[in-house]
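Subject: Structure handover

Hello,

The structure you asked for is below, followed by notes on what was found in it. Please read the notes with the coordinates open.

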Amino acid sequence: MKRLTILFTAAITGICLTACGSSESSTQVSGTSSAASSVVQTAQSNDDSSIVTQTQNQSSADSKEVSEMKLYIEVNGKQLTATLADTAAAAELAQRLKDAPITVSLDEYGSFEKVGRLPWSLTKDDEKIKTKPCDIMLYQGNQITIFYGSNSWSYTRLGRIENISQDELKNTFGDGDVTVTLSLK
């Protein structure tokens, strides 16, 4: 019975390692040496679980850190504050802005948004989104878009401007093209 339990445990462990995409190959279990192999595989599986848990915890901590960071947008003599989204692109933007602020020229587009090219590309994870005023989106991986109106398209969320109405936002950005400075503090 004990041997059957060891064989069963080894088989399940091998299946789990294979299903999780582990680079460790599962060992066929037969005889006494299989029991030792089972113990090693179980230990490796436990180590892998520990690493996965540590990685998930670090990722959660990084996401929390990014979502608590504030993006500052200086435009026409005013400073707007935005909360960063919980996306890889927003985390990359925050990392880039830790080094130094950037200035971006935004063009008027469609009477509902301002859009401008970033100096680098960010990881895009586009999804079909209906934007709202104050949304900040990544478009095509290398353009930042700030909405004062609404649109439906495929974007990656970067953040959202806080504590301003649609009319105030539109007035702050004004008509036509504008230059903004993005920073973290």
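**Strand pairing**

V104 in strand β3 has V180 in β9 as its bridge partner. Before going further, the conventions: this is a predicted model, in which local features need pLDDT of at least 70, side-chain atom pairs count only at pLDDT 80 or more, and totals for chains, interfaces and linings use all residues. Residues are numbered from 1 along each chain as its sequence is written, and side-chain values use heavy atoms, with hydrogens and water left out.

Strand β3 (residues 102-109) and strand β9 (residues 178-184) run antiparallel and are joined by five bridges. Two strands are said to pair if DSSP finds at least two bridges between them. Helices (H or I, at least four residues) and strands (E, at least two) are DSSP runs, numbered from the N terminus.

On β4 (residues 113-117), β3 pairs in the antiparallel sense over three bridges, and E108 stands opposite K114 there. The hairpin of β3 and β4 has three residues between the strands, and G110 takes a positive phi near 65° in it.

β1 also pairs with β9, again in the antiparallel sense, over five bridges. Here the partner of V75 is V180, the residue that is also the bridge partner of V104. The β1-β2 hairpin has two residues between its strands, and N76 in the turn has a positive phi of about 50°.

**Overall composition**

The protein has four helices and nine strands. Along the sequence they follow the pattern α-α-β-β-α-β-β-β-β-β-β-α-β. Of the 185 residues, 35% are buried, where buried means under 20% relative accessible area, exposed means over 50%, and partly exposed is in between (1.4 Å probe, protein chains only). The accessible surface comes to about 10800 Å², and 50% of it belongs to carbon and sulfur atoms; the areas come from the Shrake-Rupley method with a 1.4 Å probe, and for residues only the protein chains shown count as cover.

Contact here means heavy atoms within 4.5 Å. Among contacts between residues at least 6 apart in sequence, 62% join residues at least 24 apart.

**Nonpolar cores**

A nonpolar core is a set of buried Ala, Val, Leu, Ile, Met, Phe, Trp, Tyr and Cys residues joined through side-chain atoms within 4.5 Å. The largest one has 33 residues, and the members that touch the most others are L71, I73, I136, I161, F173, V180 and L182. Helix α3 (residues 88-99) supplies the largest share of this core, five residues. Not counting residues up to four places away in sequence, L182 touches L71, Y72, I73, L97, P101, I102, V104 and I144. A second, separate core of five residues includes F112, I129, M137 and Y155.

M137 and Y155 are also among the contacts of T131, together with F147, G149, S150 and N151, leaving aside neighbours within four places in sequence. T131 lies in the loop between β5 (127-130) and β6 and is buried, at 0% relative accessibility.

**Salt bridges**

A search of the whole structure finds four salt bridges. The criterion is a side-chain nitrogen of Lys or Arg within 4 Å of a carboxyl oxygen of Asp or Glu.

E162 is partly exposed at 23% relative accessible area, and K70 is partly exposed at 26%.

R160 is partly exposed at 34%, whereas D135 is buried at 3%.

D175 is exposed, with a relative accessible area of 71%, and K170 is partly exposed at 31%.

Regards
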